[in-house]
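Please keep the sequence and the three-dimensional view at hand while reading.

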Amino acid sequence: MGGWTEGYVGGIDYIRAVYRDWSPALLCFALTLRGWRPPEALRRGGFTMAEPGCGHGLTSALLAGAHPAARFEAMDFNPSHIAGARRLAADAGLTNAEFLEESFADYARRDGPMLDAVALHGVWSWVSAENRAILLEVLRRRLTPGGVVFVSYNALPGTLVHMPLRRLLVERCAEGDGSLPDRIARAVEFAARLAAQGGGWFANTDGVVERIEQLRHKSPNYIAHEYLNGDWTAFYHADVARELATAKLEFAGAAVPMEQLDDLTLSPTQQALATEARDPAQAETLRDMMTNRSFRRDLFVKGGERLGPAERRLLLGETRFALLVAADDLPDVASTPVGRLPFPRALYHPLGEALAEGPQSLDALLARPALAAQGEDAVLRALVLLTSLSLASPVMPEDGLADRKASCDRFNAAVLDRHRFGDTPGQLASPLLGAGVPVSRIEALFLLAASLHEEPAAFAWRHLSADGIVLGRDGERCEGNDANRAELTRRHASFTQRRLSLLNGLGVA
Ligand SMILES: C[S@@+](CC[C@H](N)C(=O)[O-])C[C@H]1O[C@@H](n2cnc3c(N)ncnc32)[C@H](O)[C@@H]1O
């Protein structure tokens, strides 16, 4: 690789993933919850969004498919990322997204429309101070007043635990022969051997051994892009807020709605201590110290307008939600970053039943006696939790649904077709959510078989076996064609029974 990588890891692509964090309905819900007026363009679907450092561009491509009235600029200096993104855009017939092979500096020189939203995911902590300054200049110049920025970064103090580990990986990967993935695998195994001897930093630091164990199961692409960049900076929230303030940006709240609920993460004493902070940035930093947070997903607004309580309530009441799992599959207890939270049946059962009928606004839910009896705060809190845990999602307004559906159908047809070869973003675009819905390769092959009028188990097996994939059942390998086809027939029956109506309701099947 030449000098164009500017210290960023070269010679290995990033992982292929779609993120829901900055999908418009979710951004609007998170902003409204914190008492900010969500940008009208985002609410209505006619917005302009940029994703600098877009990786493979899968999130921007999916959002472009889901929002035909919006316009997307996604850029990355890695040509293989952009080549793949352009191929997907061409296959899906996207006319509202540009995928630019540019550095941040090239991009900063470009003129274009004002931006309603900018997503900086996996960028801020992994690039140089100079490149952060360039990105700030883009925000200063192109973010429209009222616009929103999503930014994720490694946070202090939680990231402290990763620092010696990164050092170890960087040094070990710089040595020896072989491809970068081989060197990464050897470096992780070496770290595991160091950890296994116990003692020292490994014995005295919570979470290190677990982190190394996790890394053994992560792809080299993830490890390279997380740990091996020349620049790797963890931030106190207050410092990020100060840098972004130079582009007139103000912290608007956590992008993950449940992270806005202090009582979920802090004890009453800790909450009281947070109120002693001098300003919101210090309060947020104190919260991170009290929870030892290592990663943040923040929203910032430029000239954001505050909502009064009545208007906030009105907007929240109008927000409609859809379930992302079958109502029967809602858990009794949820694992959250702060531990296990019970989902009381008296609340979640009627809520699940109501949402199983189709998307419902908070007001419509509260008109049901069983939910009214639980009280508005409890129902809203349940929606916040379900949304944050990807069990439910806010949805887009009815207006524009037909256009979104036609565009999503085109996008999804291209995506489903790719599942024949395993070359897949792993999500389909939902016109209802204006965001992605995860589907496994097998589910996608079943959907593709249906659209081609093929027998689903035989069709799926033809494509899976071509890739050397063998299925398992109850921990045993399925040996031979018949056993694999029988397993697929069984899985197809369960898919038809448990998943298909949900996917239909979300407009992706
Ligand atoms: C960790 S990845 C995140 C990708 C994507 N935003 C996501 O969340 O999936 C960071 C991306 O930023 C790109 N990048 C890093 N420095 C850059 C620069 N100076 N100019 C353009 N792209 C850059 C890398 O090529 C990489 O694809």
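Where is the place of proline 157? Proline 157 is in the loop between β5 and α7 (163-173); helices (H or I, at least four residues) and strands (E, at least two) are DSSP runs, numbered from the N terminus. This is a predicted model, in which local features need pLDDT of at least 70 and side-chain atom pairs count only at pLDDT 80 or more, while totals for chains, interfaces and linings use all residues. Residues are numbered from 1 along each chain as its sequence is written, and side-chain values use heavy atoms, with hydrogens and water left out.

**Domains**

- The protein chain is divided into domain 1 (3-157 + 232-302), domain 2 (158-227), domain 3 (320-394) and domain 4 (401-505); the bounds come from an automatic or database domain assignment.
- The centres of domain 2 and domain 3, taken over C-alpha atoms, are separated by 39 Å.

**The largest nonpolar core**

- A nonpolar core is a set of buried Ala, Val, Leu, Ile, Met, Phe, Trp, Tyr and Cys residues joined through side-chain atoms within 4.5 Å.
- Buried means under 20% relative accessible area, exposed means over 50%, and partly exposed is in between (1.4 Å probe, protein chains only).
- The largest nonpolar core has 71 residues, and those with the most contacts inside it are Met49, Leu299, Phe411 and Leu488.
- Helix α22 (residues 441-451) gives the largest share of this core, seven residues.
- This core lies between domain 1 (3-157 + 232-302) and domain 4 (401-505), because both give residues to it.
- Not counting residues up to four places away in sequence, leucine 488 touches Ile442, Phe446, Ala457, Ala460, Trp461, Leu464 and Leu471; contact means heavy atoms within 4.5 Å.

**Helix α12**

- Which residues of helix α12 (residues 237-245) are buried? They are His237, Ala238, Val240, Ala241 and Leu244.
- An α-helix has 3.6 residues a turn, so residues three or four places apart point the same way.
- The buried residues of α12 pack against α6 (129-142), β5 (143-154), β6 (249-254), α15 (280-291) and β7 (295-302).

**Two buried loop residues**

- Histidine 121 is in the loop between β4 (115-120) and α6, and it counts as buried at 14% relative accessibility.
- The side chains of histidine 121 and serine 152 are joined by a polar contact of 2.9 Å.
- A polar contact is a pair of N or O atoms within 3.5 Å; within protein, one must be able to donate a hydrogen and the other to accept it, and residues adjacent in sequence count only if both atoms are side-chain atoms.
- Apart from residues up to four places away in sequence, histidine 121 touches Tyr19, Trp22, Gly53, Phe150, Ser152 and Phe295.
- Glutamine 260 is found in the loop between β6 and α13 (262-265) and is buried, with a relative accessible area of 14%.
- A polar atom of the side chain of glutamine 260 lies 3.0 Å from the backbone oxygen of alanine 30.

**An exposed loop residue**

- Leaving aside neighbours within four places in sequence, alanine 69 is in contact with Gly45, Gly46 and Phe47.

**Backbone geometry**

- Most residues other than glycine have a negative phi, and most peptide bonds are trans.
- A cis peptide bond, with omega of about 10°, joins leucine 156 and proline 157.
- Glutamate 6 is not a glycine, yet it has a positive phi of about 50°; this residue is in the segment before α1 (24-33) and counts as partly exposed at 37% relative accessibility.
- Aspartate 474 also is not a glycine and has a positive phi of about 50°; aspartate 474 is found in the loop between β15 (472-473) and β16 (476-477) and is exposed, with a relative accessible area of 69%.

**Cysteines**

- With a disulfide taken as a pair of cysteine sulfur atoms within 2.5 Å, the count comes to zero disulfides.
- Cysteine 408 is in no disulfide, and the nearest cysteine sulfur, that of cysteine 28, is 17 Å away.
- Cysteine 408 is buried, with a relative accessible area of 0%.
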